[in-house]
Amino acid sequence: MSHHHGHGCQQGSATVDYPQTNYGTGAKWIKHLTQGRLGTFNGGHYADVNLSQVLYHHRVDDSAYIKLQVWSAPGRSKPSFAEAMKQKFKPAKKGDEFGPSWTNHWWKVSVTLPAYWDQYEVVQFEFDPDCEAMIFTTDGTPLQGITGGWGGDRRVEFILPSEARKARKFDFVIESSCNGMFGVPWNGDTIEHPDMNRRFRLASADLVVLNQDAWQLLWDFSTLREISESLPGNTSLQNKALVTANAIMNTLDKDDLGSIDRSRKLAEAVFGEGWADKGDKIYEEGPDEASIWGIGHCHIDTAWLWPYQVTQQKVARSWSTQVDLMERYPEHRFTCSQAQQYKWLEQLYPPLFERVKAQVLAGRFHLVGGSWVENDSNMPSGEALARQFIFGQRYFESRFGMRCETAWLPDSFGLTGALPQLIRQAGMKYFFTQKLSWNNINTFPHSTFNWVGIDGTQVLCHMTPVDTYTAQATVGDVNKGVTNHKNLESSDISLLVFGNGDGGGGPLAKMLENLRRIRAAANNSREIPPVNMGHSVDEFFDVVAKKSDAGKALPNWNGELYLEFHRGTYTSHGSIKKGNRKSEVLLRDVEYLATLASLYKWHNPDYVYPNERINDCWEKVLLNQFHDVLPGSAIGMVYEDAEKLYAEVRKEGAQLIEDAWTTLFPTSYPLSNVAALKKRGSLVGFNTTHLPRRDVVKVPLGAGAANLKAQVVQASKDGSYGYALMDCSEGGPIATPTGLFADCMPVSVFTNGSGHFVLRNSSVQLTISEGRISSLVDVELGRELLTPGQTGGLVIFNDRPNYWDAWDVEIHHLETVHPLEFSNISVVAEGPLRASVKSEFKYRQSTITVTISLDAITASMKKDSRSLFIFDAVVDWHERHEFLKFELPLNLHNDVATYETQFGHVQRPTHNNTTWDMAKFEVCGHKYADLSEFGYGVAILSESKYGFSCRGNVLRISLLRAATAPDENQDQGMHEFSWAVMPHVGHFLESDVPQAAQLFNSPLPTRFVAGDGTKSPMLHVGPAFAVEGARNVFLETVKRGLDDKFESKGGDVSVVLRIYEAFGGHAQAWLKIAKHIPVSKIFATNLLEDHEAELSFLDSEDHAHHAVKLNFHGFEVKTIKLVLGRSDIQASSEGADHWITIDKPSFV
């Protein structure tokens, strides 16, 4: 046996001379004190001796080097660059004040550089107007944005072009706007209403030379500090970063510029030797797969704490800044959504649009979203959501030659379960959001998952674990992308969406610098997640899809993504909600009538489908559906703009309908045309829905319209108006006045003169006693529908959310219910067609008038349908922080209530079993909310309201709120709105609630047709399009094809129909097209009208229609495109612009 003595264990290792004696104190540290020291490295109390002293080589601000001239635009006008340059400018200087809020000021700047600055490669002009601004070339090309002030979004530096530095002279123009990134809140609280008279001071207009090495050291130190403060626990990298930062503080000497390089060298202990020389190539080293994918983004609220006009400027500022950064940082990729913002840029800043377009085509500026704006997804109709995608995708394709792959709604206040199907039908399969991280009750359980919509369609969804779309690209953000990821077992990568946002701005240079350093640290340590750059959001999702086996390894979430927050937005700003609903219905009618007018050209052969005018209306409606406008969470200035847009849509829509009427019914007149009503003629209604119907229509009888008295069933007491019964019960487009049918149920009203009123017909009965609804009875069944001992009616709640005033209603508001009583009740109509009582009463500072009516007809033409109780309210509202609702305590029980959503319905709990159930104490619905049990149910129908609640057996509709921030006058003033109570036999799924709700939202357009009608062939034509054989299938939209050439006589002619299943089950329906419409081909398409399948069609049994069989699954949306040919008669006897020929002798 051999023996090794002493040295065998040291083979291969270097020896260290370890001293025998130690007289020192040792290197023990007090870690938290060292950590606390880092905050003194730059600025603050020690600014005169720390890094701040060496950040700049030179700074000059005197008139020898800088000459300023200014012109202030009048009022809140926003002149173009060309307009501004024509004005007379006056001398200005640093320190000048300007304002007030929202005004715009133009600066001509001429700088001259000192000769000795030739030695410097970078010279900057620092312009800080304490507000937002944009720098232009002298020919009007935007160069970059400016964000003044001292917030984290500050960017006041403009790097002079190299040619300017060489010439020592440069002229440019700046437009400054008197608002901050988040508007001008009067007291500094972001969500408060704006201070309309704030003034701003030009704090800086300096030429500066930066010490580039000192700034690089500042960024080194910032990243080291973030690592030491953000990584959890007590790790090697965390301590190394702290030790290194501490050593840098000990090394830096403001009087020894060489200490800057020595300090930067110390940082290589964390970032790696020579890392800084690698620039963007640092991302090519280290791990092959990164955990965090960085993507620059600039969320610009299309309006919020600023009006639309300011957003147009924000877009130009933010995007020009990003183009500038792309040219300096090759790894920078930037993504932005909202076609509306691109269109504004194209219209208002054409040179910048071309620069952006070049970056899009180069693959650096990425299009996402595929929608017109980042819309609210709770309240727009199904068709409006479809149009968001149609208008968005078609704009992107027309301007950039590409469509979006990823839908993008990071900030919308909850997401309807109808979206997955619409996203897929708009050519996308991926979806990004994150707002559910704001839930105030439950934590959403997934980060990456399959989102399965109400019809079963799925999209691949990512909610960034970083929990924001405005990340600052810090170490904490990067680390959170892993530590907060909720399903790492199935997907281990996250998106880091970074850049200043909401008010715009986007990524800053310091963010890109920070990410380079974070990647460098990750290349040398496994304790910090590696970040990659230079990729797109689409590429991120492609990798997720591949690694998850096309989503099979991911969890599913079925149905809506309900935000447990901002529930008050379903009700805030009632006039905007009404404008949205009425505009959607109006445009549906416009498109239907214009389509028919463009096909049936009997009376106006020159009529052309007004495609551009209709699209212009849609763009205004879609714009107002932005997720801070329609929800009612913007400042008052925004609603001034929004109301103007709705008024324009109303005016234009009315004119477009009048043009179509003139083509279809040349001798027809609106009922407001008093002179026309003196002629001989008849009332005619045109049914713009696909449903058979009867309607009670109010008709003027005075001022020469006495000849209409024979066409009304009931006249008012003073004879000024009457009620006509318009019948369209056999289907078809035309409704005509009739007398009471045998199956009508004459109505009556009873009162004992002391506050007891009963509205009744043979179907239903409602009783008001002592100011409350004390009874609701199904007369046919003898069934009381209210809970014994409880009453219904108007109720008021205290409405004082914890912070987000216009946004939130908190669960504790339910603890403060105050019933209101109908008072001063009078009978205003006694039947037999309509019976009504009217209540007018004061509540504090407000006046509330409600007319309750019962008609002799049923809610729909379904055999066992019941009558509606219609509530028409006129409210002069002057309350603050109170919530007006209407409620019914129903003698019904179910664990769920049913609410209409886009292209279907959703069920939500009525109980509080779990916190997930409790969270849905206020929810969004469209045209109805229903509580049913086996055999019976009651629905509340809405024509302009979206907030509902069903807690236990109490069904409520939300009517008015009264927040004071960010609009201090929200909802103050006059409101007119209606709702209806609809008892129905059978469970909801057996009922006619969806049909009745559609009819309630679609008043019958009624005209006066002079003469005997022989000049209006439309009076004798059956429906052009009809869906039969399945009561659960609805025809929603009739319009012309997207690619029709409307001005060309030789172009394609097509009609597009949107049809959906409304009850959640399978169906086999027949689409019938009138035989006189010369259909040549029929296609099933997606929303963008790409052909997906050609459908066969055949003659119907009556030989009067083409018939197409359509199979539906639950909540499925189909788009059917009819391509029209020319009939033999047209080809031989009529011009090429005539498409439809009816056998004319039938009208003689």
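1. In this predicted model, the lining of the second largest pocket is made up of 19 nonpolar, 14 polar and 14 charged residues. The volume of this second largest pocket is about 1,300 Å³, and 47 residues line it, of which Glu157, Trp215, Leu218, Trp219 and Lys510 are the closest to its centre.

2. Several elements contribute to that lining. Helix 4 (212-230) gives the most to the second largest pocket, namely eight residues. Other helices that each supply at least two residues are helix 3 (162-167), helix 7 (308-328) and helix 13 (509-524). Among the strands, strand 1 (56-60), strand 6 (124-128), strand 9 (157-159) and strand 12 (204-210) likewise each supply at least two residues of the lining.

3. A separate point concerns the packing of two helices. The axes of helix 15 (residues 574-599) and helix 16 (residues 611-624) cross at roughly 165° and come within 11 Å. Because angles over 145 degrees count as roughly antiparallel, helix 15 is roughly antiparallel to helix 16. The crossing of helix 15 past helix 16 is left-handed.

4. Which residues of helix 15 and helix 16 make the contact? Helix 15 contributes Asn580, Ser583, Leu587, Val590, Glu591 and Ala594, while helix 16 contributes Ile614, Cys617, Trp618 and Val621. By class, seven residues in the contact of helix 15 with helix 16 are nonpolar, two are polar and one is charged.

Definitions and conventions:
Residues numbered from 1 in each chain as written. Predicted model: local features only at pLDDT ≥ 70, side-chain atom pairs only at ≥ 80, totals over all residues. Heavy atoms only, no water. Axes fitted to C-alpha atoms, helices over the stretch in contact; angles between N-to-C directions. Helix = DSSP H or I, 4+ residues; strand = E, 2+ residues; numbered from the N terminus. Parallel < 35°, antiparallel > 145°, perpendicular 65-115°, else oblique. Left-handed = near helix turned anticlockwise from the far one by under 90°. Contact = heavy atoms within 4.5 Å. Nonpolar A, V, L, I, M, F, W, Y, C, P; charged D, E, K, R; others polar. 1 Å grid on protein atoms, 1.4 Å probe; cavity = no way out; pocket = protein on both sides within 12 Å on 5 of 7 lines; lining within 4 Å. Points joined across faces, edges and corners; volume = space filled by probe spheres on them.
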